[in-house]
Amino acid sequence: MRYILLASLLIVGAVGCGGSSGYGEPLRGNVTYEGQPVPRGDIILEPNSAKGNSGPGTIGKITDGRFVTPAGKGIVGGEYSVTIRGYDGKVDPTAEPGANSPGNALFPAYRTEINIPADGTEVDFDVSEK
């Protein structure tokens, strides 16, 4: 009987630990440039330790104006430094066959800072020239 009780407690404890710590919650959103969705690119989110955020960082791929961070590599809320690189998605005709080029850069690497709420799972970015 003790073993059944112990096993039950372990199962309940394991299920209870599956809560939303932020690490497993992907962050998703839209990225636009000059009012249009960014065709290809990436978004890098780094915790801003100078402002007290020691959470994880992550990278998401931008496809047709949408990004999502990988499952299990989400973020916690707080201050983040964000870098966005956007490309036109047009294949370079001189590239080697099978090359996975995102195309030509639409803008220089765009950097900004953002405070993401602890329960935030959706954030949009409008890249504007500074």
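Predicted model: local features only at pLDDT ≥ 70, side-chain atom pairs only at ≥ 80, totals over all residues.
Q: Hi! Leaving aside its neighbours within four places in sequence, which residues is T83 in contact with?
A: T83 is in contact with D42, I43, I44, A109, Y110 and R111. Contact here means heavy atoms within 4.5 Å. Residues are numbered from 1 along each chain as its sequence is written, and side-chain values use heavy atoms, with hydrogens and water left out.

Q: Thanks! Where is T83 found?
A: T83 belongs to strand β6. Strands are DSSP runs of E with at least two residues, helices are runs of H or I with at least four, and both are numbered from the N terminus.

Q: And is T83 buried or exposed?
A: T83 is buried, its relative accessible area being 10%. Buried means under 20% relative accessible area, exposed means over 50%, and partly exposed is in between, using a 1.4 Å probe and protein chains only.

Q: How much of the chain do buried residues make up?
A: Of the 130 residues in the chain, 32% are buried. As for contacts between residues at least 6 apart in sequence, 67% join residues at least 24 apart.

Q: Now the strands. How many bridges join β3 to β4?
A: Six, and these two strands run antiparallel. Two strands pair if DSSP finds at least two bridges between them. For I44, the bridge partner in β4 is I59.

Q: What about β4 and β5, how do they pair?
A: They pair in the antiparallel sense, over three bridges. I62 stands opposite F67 in β5. The hairpin of β4 and β5 has two residues between the strands, and D64 takes a positive phi near 50° there.

Q: Which residues of β4 are on its covered face?
A: T58, G60 and I62 are on the covered face, while I59, K61 and T63 are on the uncovered one.

Q: Tell me about T58, then. What does T58 touch?
A: Not counting residues up to four places away in sequence, T58 touches I43, I44, L45, T69, P70, K73 and I75. T58 counts as buried, at 9% relative accessibility.

Q: Changing topic: how many aromatic pairs does the structure hold?
A: Two. In one of them, the ring centres of Y33 and F107 are 4.8 Å apart and the planes are at 45°, so the pair is tilted. Rings of Phe, Tyr and Trp (its six-membered ring) pair if their centres lie within 6.5 Å; planes under 30 degrees apart count as stacked, over 60 as edge-to-face and the rest as tilted.

Q: Where do Y33 and F107 sit in the chain?
A: Y33 is in strand β1 (residues 28-33), and F107 is in the loop between β6 (78-87) and β7 (110-116). The pair links distant parts of the chain, 74 residues apart. Both Y33 and F107 are buried.

Q: Which residues form the tilted pair with 6.2 Å centre to centre?
A: F67 and F125, with 50° between the planes. F67 lies in strand β5 (residues 66-68) and F125 in strand β8 (residues 125-127), so this pair ties together parts that are 58 residues apart in sequence. F67 counts as buried at 2% relative accessibility, and F125 is buried with a relative accessible area of 7%.

Q: Last topic, pockets! How much space lies in the largest pocket?
A: About 190 Å³. A pocket is an open set of points on a 1 Å grid over the protein atoms alone, where a 1.4 Å probe fits, with protein on both sides within 12 Å along at least five of seven lines; lining residues have an atom within 4 Å of a point. Grid points are joined across faces, edges and corners, and the volume is the space filled by probe spheres set on the points.

Q: Which residues line the largest pocket?
A: R40, G41, D42, K61, I62, T63, Y87, G89, N100, S101 and P102. β3 (40-47) and β4 (58-63) each supply at least two residues of this lining.
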